[in-house]
Amino acid sequence: MIMPSYPSSRPRRLRRTGALRALVRETRLAAEQLVLPLFVRGGAKVRRPVEAMPGVAQLSVDEMLRDAEAAAKAGVGGVLLFGIPDTKDAVGSSAWDDEGPVQQAVRALKRDLPQLVVITDVCMCEYTDHGHCGILRDGDVDNDATLELLAKEALSHARAGADLVAPSDMMDGRVGTIRTALDHAGLSSVGILSYAAKYASVFYGPFREAAESAPREGDRRGYQMDPANADEALREVRLDIDEGADAVMVKPAGPYLDIITRMKEGTGYPVAAYQVSGEYAMIRAAAERGWLDGERAMMESLLGIRRAGADFIVTYFATEAALRLGRAPAL
Ligand code: PBG
């Protein structure tokens with residue numbers, strides 16, 4: 001790069017006015033690149049606020065439709081569904097109940113809001129009584145025995161009409177198992193968004209209250225990734241793409257921007273990033289105390305994730321950010 005030095009070069013010239021800044025802006029954030037996570041449970045007219053995530057609630061299908069409609073109106077691109085079942089057991093059998101909250105929600109969304117992309121989280125932790133992401137054998141999650149259950153869950157979501165299924169369990173081989181199951185069932189057009197690099201993160205704390213999915217004993221370090229590792233994320237993503245993932249996700253987002261960049265550059269695949277519950281809660285909490293301008297922190301955090309290379313972002317701020325984008329240029 002040829003670049004004259006000061007005083008010939010004065011980068012401030014292009015920062016003088018909003019119009020100049022807009023002209024040379026490198027990254028843009030659009031509402032259709034945002035995906036809103038929703039927590040669905042049984043019943044009607046249920047709206048149970050999640051304490052550590054102000055603005056987020058567990059919703060019955062009718063209430064979920066209201067939030068999804070508001071998101072769609074604001075221009076949000078899609079929703080990511082999590083289910084809170086009525087009953088839990090050791091193998092999480094309600095995960096593949098065709099009448100479960102997620103399956104009902106998918107059908108309702110496809111009927112009423114066909115413009116939204118519907119993604120479902122595929123994992124066992126919300127459905128097992130022990131709260132781990134698979135079935136346990138001798139206190140450890142049994143990888144290969146879990147694969148079959150994940151495939152059943154994914155199939156049930158796909159039959160209901162999901163556009164993408166998103167396995168978040170971090171079992172080895174799950175993408176391939178799910179791809180094969182979908183294809184054999186004649187569902188070859190349903191895509192897989194794999195949580196390829198999902199770290200064992202403290203930032204999932206508030207989510208576990210929202211999804212009622214905290215492990216009763218132990219933690220998830222035996223299957224989720226070590227926060228210290230980046231090369232390993234590239235190996236994980238390569239495996240998932242080989243097995244048939246259509247798009248890959250990094251989670252959390254903010255503390256793992258380097259992973260997003262390397263994944264985008266290394267794969268050329270669509271990369272999603274999940275700004276998780278703890279990232280959301282931190283911004284909300286600081287804003288509530290008046291320590292941060294919450295709206296600007298929201299927009300800057302999302303822009304940073306896009307700048308790192310994410311094509312789309314799963315965020316609890318989706319609707320709010322989309323409304324903000326509809327008003328005036330961000331930043
Ligand atoms: C399920 C799952 C988790 C999240 C998404 N899918 C929790 C976990 O792995 O413990 C976290 C999302 C968030 O924190 O917002 N396995």
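How many helices and strands does the secondary structure of the chain come to? The secondary structure comprises 11 helices and 12 strands, where helices (H or I, at least four residues) and strands (E, at least two) are DSSP runs numbered from the N terminus. The radius of gyration of the chain is 20 Å, close to the 20 Å that the globule rule gives for 331 residues, so the chain is as compact as a globular protein of that length. Here the radius is taken over C-alpha atoms, and the rule is 2.2 Å times the number of residues to the power 0.38. Along the principal axes, the C-alpha atoms fill a box of roughly 70 × 45 × 40 Å.

The model is predicted: local features need pLDDT of at least 70, side-chain atom pairs count only at pLDDT 80 or more, and totals for chains, interfaces and linings use all residues. Residues are numbered from 1 along each chain as its sequence is written, and side-chain values use heavy atoms, with hydrogens and water left out.

The ligand is surrounded by 18 residues, of which the closest are Lys198, Arg208, Lys251, Ser277 and Tyr316; a residue is near a molecule if one of its heavy atoms lies within 4 Å of it. This shell divides into 10 nonpolar, 3 polar and 5 charged residues. In that division Ala, Val, Leu, Ile, Met, Phe, Trp, Tyr, Cys and Pro count as nonpolar, Asp, Glu, Lys and Arg as charged, and the others, Gly among them, as polar.

A polar side-chain atom of glutamine 224 is 2.8 Å from an oxygen atom of the ligand. Nitrogen of the ligand also takes part: one such atom lies 3.4 Å from an N or O atom in the side chain of serine 168, and a nitrogen atom lies 3.0 Å from an N or O atom in the side chain of lysine 251. Taken alone, the ligand exposes 400 Å², and the protein buries 100% of that, by the Shrake-Rupley method with a 1.4 Å probe.

Lysine 251 also belongs to a feature of the backbone. A cis peptide bond, with omega about -10°, joins lysine 251 to proline 252, and proline 252 is found in the loop between β10 (247-251) and α8 (257-267). Another cis peptide bond joins tyrosine 6 and proline 7, with omega about 10°; proline 7 lies in the segment before α1 (18-23). Aspartate 138, in the loop between β6 (136-137) and β7 (140-141), has a positive phi near 50°. Most residues other than glycine have a negative phi, and most peptide bonds are trans.

Conventions
A polar contact is a pair of N or O atoms within 3.5 Å; within protein, one must be able to donate a hydrogen and the other to accept it, and residues adjacent in sequence count only if both atoms are side-chain atoms.
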